[in-house]
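The sequence and structure come first.

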Amino acid sequence: MNFRRIFLVKCLLLLFPTVKCSSTSWIYKAVNETALLSITAPGDVYEATWRRRGQRLIQIKDNKAKHFVNKDQCRCAIFRNGTLKIQPLEKEDGGNYTVLVYQKDGKLKAEENIMFFVQEPVPQPILNAECRNKSVSVKCEAKQKAKDEAFIIELTRPNGIKIRKNATVLEWHGWNSGTFRCIVKNQVSEKMAEKVINCSGKMDFYLILCIAGGAVFFVIFVICLIYCIRRKKTKRNEIYEEERAMQTLPMDCERGMRELPQTPSRPTPKQLRVQQRPLPPQPQELQQPRPQPRPRTQPRTPNLPRQRP
């Protein structure tokens, strides 16, 4: 057994009997709120000293508080259990806080570190959207007070996909129409804006189907209309031709009746027999005398010669 190593460990324990490992925690608070920084070490606290960024701030010892800075400047108080209270909070109150806890015999009981952050509440986000070339352009913006201030911006699209970015402005371009949700948040606050955007460029499937069906129906209607018009026109032409043929038929008959048959050059024996037959005697009509003109009862006055003046 190595007695020298055991003796060295015992000496170290005698020199540093109460050395504790320091722990670090992170705390976020908003401006104008109240902060309570507590001690996680178990047991009663006889003495506790709070430091901010290495500077002593306040101390409690045997239930008596002592300020190392101006109370109005500190805006802080300490409880009997060693909890530090700061109210109201300002951005300058953020930083690294350290608390040293001692026992009644003066031995160090615990050492704790707290990373304390004071943030401004996020502003109300501004959600703008417009339709460009049948597409959607969305812009989510949060106006910050400080130049180095950044937020967590989250944009939720209609299909449920989320876009997250640590910035103050988030832009997106696409084809989805519907409800867009913009969320701006940090460690202490969260605000949301929502807007419904519909662009005519992105049409629904059923709307496209209805338009296509309407177009097909219109083409069929036009084809049927042209067919009916042509058929009606053809029927009219047929009726007109029939009427015209009926009108020309009597004229052809009259022309045939007017034309005399031509005598053949050589008469047939039957025609010679008909010509040789004697004609039957025709009864002579009694000749009646022509009526004589009636004599005039009054004599006609003679025309006298005109005398010259």
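## Overall make-up

Of the 309 residues in the chain, 24% are buried (buried means under 20% relative accessible area, exposed over 50%, and partly exposed in between, with a 1.4 Å probe and protein chains only). The model is a predicted one, in which local features need pLDDT of at least 70 and side-chain atom pairs count only at pLDDT 80 or more, while totals for chains, interfaces and linings use all residues. Residues are numbered from 1 along each chain as its sequence is written, and side-chain values use heavy atoms, with hydrogens and water left out.

The chain holds four helices and 16 strands; these are DSSP runs numbered from the N terminus, with helices (H or I) of at least four residues and strands (E) of at least two. Among the contacts with a separation of 6 or more, 54% join residues 24 or more positions apart, a contact being heavy atoms within 4.5 Å. The chain exposes about 25,800 Å², of which carbon and sulfur atoms supply 54%; accessible areas come from the Shrake-Rupley method with a 1.4 Å probe, and for residues only the protein chains shown count as cover.

## Sheets and a hairpin

Strands of a sheet pair through backbone hydrogen bonds, either parallel or antiparallel. Here two strands count as paired if DSSP finds at least two bridges between them.

The antiparallel pairing of S2 and S7 extends over three bridges, and Leu36 stands opposite Lys85 in S7.

Strand S12 (residues 151–156) pairs with strand S13 (residues 162–167) in the antiparallel sense over six bridges. Glu154 stands opposite Arg164 in S13. The hairpin of S12 and S13 has five residues between the strands, and in this hairpin Gly160 takes a positive phi near 90°.

Val169 belongs to strand S14 (residues 169–174). With a relative accessible area of 28%, Val169 is partly exposed. Leaving aside residues up to four places away in sequence, Val169 touches Lys139, Cys140, Glu141 and Ile153. Val169 and Lys139 are 30 residues apart along the chain, and their C-alpha atoms are separated by 7.2 Å.

## Salt bridges

A salt bridge is taken as a side-chain nitrogen of Lys or Arg within 4 Å of a carboxyl oxygen of Asp or Glu. By this rule there are six salt bridges. The table gives some of them.

| Arg52 | Asp93 | 3.4 Å |

Which residues are linked in a network of salt bridges? The network consists of Arg52, Arg75, Glu90 and Asp93.

Arg52 forms a salt bridge with Asp93. Arg52 lies in strand S3 (residues 47–52) and Asp93 in the loop between strand S7 (84–86) and strand S8 (95–102), so this pair ties together parts that are 41 residues apart in sequence. Arg52 is buried at a relative accessible area of 12%, and Asp93 is buried at 2%.

Arg75 lies in the loop between helix H2 (71–74) and strand S6 (76–78), and Asp93 in the loop between S7 and S8, so the pair ties together parts that are 18 residues apart in sequence. Both Asp93 and Arg75 are buried.

Arg181 lies in strand S15 (residues 178–185) and Glu194 in strand S16 (residues 190–197), so the pair ties together parts that are 13 residues apart in sequence. Arg181 counts as partly exposed at 30% relative accessibility, and Glu194 counts as partly exposed at 48%.

## A nonpolar surface patch

Phe217, Phe218, Val219, Phe221, Val222, Ile223, Leu225, Ile226 and Ile229 form a nonpolar patch on the surface, with about 910 Å² of accessible area together. Patches are made of residues with over 30% relative accessible area and no salt bridge; like charges are joined within 9 Å, and nonpolar side chains (Val, Leu, Ile, Met, Phe, Trp, Tyr) within 5 Å. Phe218 lies in helix H3 (residues 205–258) and counts as exposed at 54% relative accessibility.
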